[in-house]
Amino acid sequence: MKLMNDLLIRAARGESTERTPVWLMRQAGRILPEYRQVRKDAGSFKTLVNTPDLASEVTIQPVEILGVDAAIIFSDILVLPEAMGLPYEIAESKGPWFGRTVENRHDIEGLKIAEADDLSFVLKAIEQSKKKLAGRAPLIGFAGAPWTIFAYMIEGTGSKTFSKAKKFLYCEPALSHKLLEKITLSTIYYLKGQIAAGADIIQVFDSWAGVLSPVQYREFSQRYINLISEGISEVPVIVFAKGAPYSVTGFAQSPCDVIGMDWTMNVKEYRTKAPNKTLQGNLDPCVLYAVPDVIKQETEKMLTAFGPDRHICNLGHGLYPDTEKEKVKFFVDTVKNFRHHTVIH
Ligand code: CP3
């Protein structure tokens, strides 16, 4: 099926576009009453994720309701550790939780290298989403970065500091690399499965990049993300290292196509350090709590800073659940209506 709207793919490849494409991290979710209804009927988050009919239904909702230029497959980064042998739960309003965690060599050796077929429910959801989208917008596949997955496998839950996972890096560097290698290989198989099922582009989420030092980041995270970018040549790859601005230099020299930015990162600096990459981001999601005038002003300021080309408009992290749907729609419309001034000499 040919894409009728391929703005995102063209921007990711560095081609000029008539306007800047826009989508939002966590666009499918609690800000949409339509999502909450399907989620309620499903009974639990995991049932929603594990049922392709329902997962594909909420995947396409933001395209239909918000008018974004891409859908992102409705799933979670934690399905991968589950496929490797560590089942997760999402406790209502408490976030993710693992009954079993990784503590030692024995635990690491016991983990399976996941193959795409171990996650067939995600692949089916991708196939169904592609059918339902019928070319109206590209579909983004995704996975967690190996370090972020490692952090959940060791901690067993979310954490402000991820000190248990960092302790493992300092005390057991060789074992850490063993685990990161297993996660990386599983991730490449999984992403290749997503692409075969129809994903048009891939995003790698390194949500906990920001807790590492720059030196640790290069050794324990960036090199594995770069292995993933090297392994995926079928479609463009977006890398998003939240909270790690020093990573731009390394990513600029890696084979990724797009570098994601949070709202603390400087556009000029990124343009200078990564002139050959498309950039994605980076509005503070809290701007969407403001009145429409402020949303418009901040959004246009951001669009002007990035310029007309090599930019995919997004937030600097996921939407917060208490954001008003109308404000999100206003943000999307502001981006779609904006035209860069052309200077005529
Ligand atoms: O972006 C999208 O719309 C696609 C869906 C998506 C979800 N999780 C659905 C979800 C994506 C891309 C993710 C990725 C994910 N999951 C990340 C990386 C991105 C980020 O936010 O940093 C991380 C760290 C996770 C792990 C995870 N899953 C957490 C920390 C939580 C709890 C957070 C919360 O707000 O409760 C989840 C649960 C989760 N994943 C929800 C959704 C919509 C909320 C659960 C619900 O609706 O009941």
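**Surface patch.** I began on the surface, where I113, L185 and Y189 form a nonpolar patch with about 230 Å² of accessible area together. For such a patch, residues need over 30% relative accessible area and no salt bridge, and nonpolar side chains (Val, Leu, Ile, Met, Phe, Trp, Tyr) are joined within 5 Å, like charges within 9 Å. A salt bridge here is a side-chain nitrogen of Lys or Arg within 4 Å of a carboxyl oxygen of Asp or Glu, and the areas come from the Shrake-Rupley method with a 1.4 Å probe. I113 lies in the loop between α6 (105–110) and α7 (120–133), and at 30% relative accessibility I113 counts as partly exposed (buried is under 20%, exposed over 50%, partly exposed in between).

**What I am reading.** I note that this is a predicted model, in which local features need pLDDT of at least 70 and side-chain atom pairs count only at pLDDT 80 or more, while totals for chains, interfaces and linings use all residues. Residues are numbered from 1 along each chain as its sequence is written, and side-chain values use heavy atoms, with hydrogens and water left out.

**Largest pocket.** I next looked up the pockets (on a 1 Å grid, open sets with protein on both sides within 12 Å along at least five of seven lines, lined by residues with an atom within 4 Å of a point; a cavity is a set of points where a 1.4 Å probe fits but cannot get out). The largest pocket has a volume of about 1500 Å³.

**Second pocket.** The second largest pocket has a volume of about 230 Å³, and of its 13 lining residues the closest to the centre are P308, F338, R339, H340 and H341. Its lining has four nonpolar, six polar and three charged residues.

**Cavity.** How many cavities of 30 Å³ or more does a search of the whole structure find? I noted one, and about 30 Å³ of space lies in the largest cavity. Its lining consists of A241, A244, S247, V248, F251, I259, G260, M265 and Y270, with α12 (248–252) and β7 (258–260) as the elements that give two or more residues to it. These lining residues divide into seven nonpolar, two polar and no charged.

R26 sits in the loop between α1 (7–12) and α2 (33–42) and is exposed, with a relative accessible area of 57%. I also found a positive phi, of about 50°, at R310, again not a glycine; R310 lies in the loop between α14 (292–306) and β9 (311–315) and is partly exposed, at 23% relative accessible area. Last, I noted that the peptide bond from G281 to N282 is cis, with omega near -10°, and that N282 belongs to strand β8 (residues 278–283).

Methods: Points joined across faces, edges and corners; volume = space filled by probe spheres on them. Helix = DSSP H or I, 4+ residues; strand = E, 2+ residues; numbered from the N terminus. Nonpolar A, V, L, I, M, F, W, Y, C, P; charged D, E, K, R; others polar. Buried < 20%, exposed > 50% of the residue type's maximum accessible area, 1.4 Å probe, protein only.
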